[in-house]
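Hello,

Here is the structure I promised to pass on to you. Please have a look at it first, and then read my notes below.

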Amino acid sequence: MFIVITTMFSLILGTVAGLMQTKMKRLLAFSTISHVGFILIGLTANGSEISLNAIVFYLVQYTLTVVLTFLVLIAYEATTSRAGSSYIDSRTDNTETSQS
C-alpha cells in the first residue's frame, strides 16, 4: 500500500510542479520525479521477470534521454549566453560589473 501511495504522490507532484516551471533544467528535474512514479507502477503491477526487464529498459532509455537533453541545453546555453535572460539555467545571475 505504501508503494501505491508513493507512486501516486510522485506522479502528481512531478507533473504539477513541472507544469509551473519556466527553466528547462528544473522542468527536467520534476519530469524525472514523475517518471519515478511510472517506474514504481511497473514494480507494483506484477513483479514478474518481464516487468523487471521493462523497468531496466525504461531506466536505461530515460537516463540516456535526460543526459543527452542536459548536454544539448548546456551547449545551447554556452552558445547563446545572454546575461539575465537564460531559460535554461535554474539560477539567475543578474550581476553586472561596472567601472566608475
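A definition to begin with: a residue is called buried under 20% relative accessible area, exposed over 50%, and partly exposed in between, using a 1.4 Å probe and protein chains only. Please keep in mind that this is a predicted model, in which local features need pLDDT of at least 70, side-chain atom pairs count only at pLDDT 80 or more, and totals for chains, interfaces and linings use all residues. Residues are numbered from 1 along each chain as its sequence is written, and side-chain values use heavy atoms, with hydrogens and water left out.

Now the overall picture. The protein chain has 3 helices and 0 strands, and along the sequence its pattern reads α-α-α. Helices (H or I, at least four residues) and strands (E, at least two) are DSSP runs, numbered from the N terminus. Of the 100 residues in the protein chain, 23% are buried. Among the contacts with a separation of 6 or more, 57% come from residues 24 or more positions apart; a contact here means heavy atoms within 4.5 Å.

Next, how two of the helices sit together. The axes of H2 (residues 24–45) and H3 come within 10 Å and cross at roughly 175°. That makes the two helices, H2 and H3, roughly antiparallel. For the terms: axes are lines fitted to C-alpha atoms, for helices over the stretch in contact, with angles running from 0 to 180 degrees between N-to-C directions. Angles under 35 degrees count as roughly parallel, over 145 as roughly antiparallel, 65 to 115 as roughly perpendicular and the rest as oblique.

The residues that make this contact include Leu28, His35 and Phe38 of H2, and Tyr58, Tyr62 and Phe70 of H3. The contact of H2 with H3 divides into 14 nonpolar, 6 polar and 2 charged residues. In this count, Ala, Val, Leu, Ile, Met, Phe, Trp, Tyr, Cys and Pro are nonpolar, Asp, Glu, Lys and Arg are charged, and the others, Gly among them, are polar.

Which aromatic residues pair up? The structure holds 1 aromatic pair: Tyr58 and Tyr62 are stacked, at 6.3 Å centre to centre and with 5° between the planes. Rings of Phe, Tyr and Trp (its six-membered ring) pair if their centres lie within 6.5 Å; planes under 30 degrees apart count as stacked, over 60 as edge-to-face and the rest as tilted. The two tyrosines, Tyr58 and Tyr62, are 4 residues apart in helix H3 (residues 49–79), so about one helical turn separates them. Tyr58 is partly exposed at 22% relative accessibility, whereas Tyr62 is buried at 13%.

Back in H2, you will find Thr44, which is partly exposed at 37% relative accessibility. The side chain of Thr44 reaches the backbone oxygen of Ile41 at 3.1 Å. Thr44 also lies 9.0 Å from Thr7, C-alpha to C-alpha, although the two are 37 residues apart in sequence.

Finally, a few other places to look at. Ile5 is in helix H1 (residues 2–19) and is exposed at 52% relative accessibility; its C-alpha atom is 9.9 Å from that of Gly37, 32 residues away along the chain. Met20 is in the loop between H1 and H2 and is exposed, with a relative accessible area of 61%.

Best wishes

Conventions:
Polar contact = N/O pair within 3.5 Å; in protein donor to acceptor, adjacent residues only side chain to side chain.
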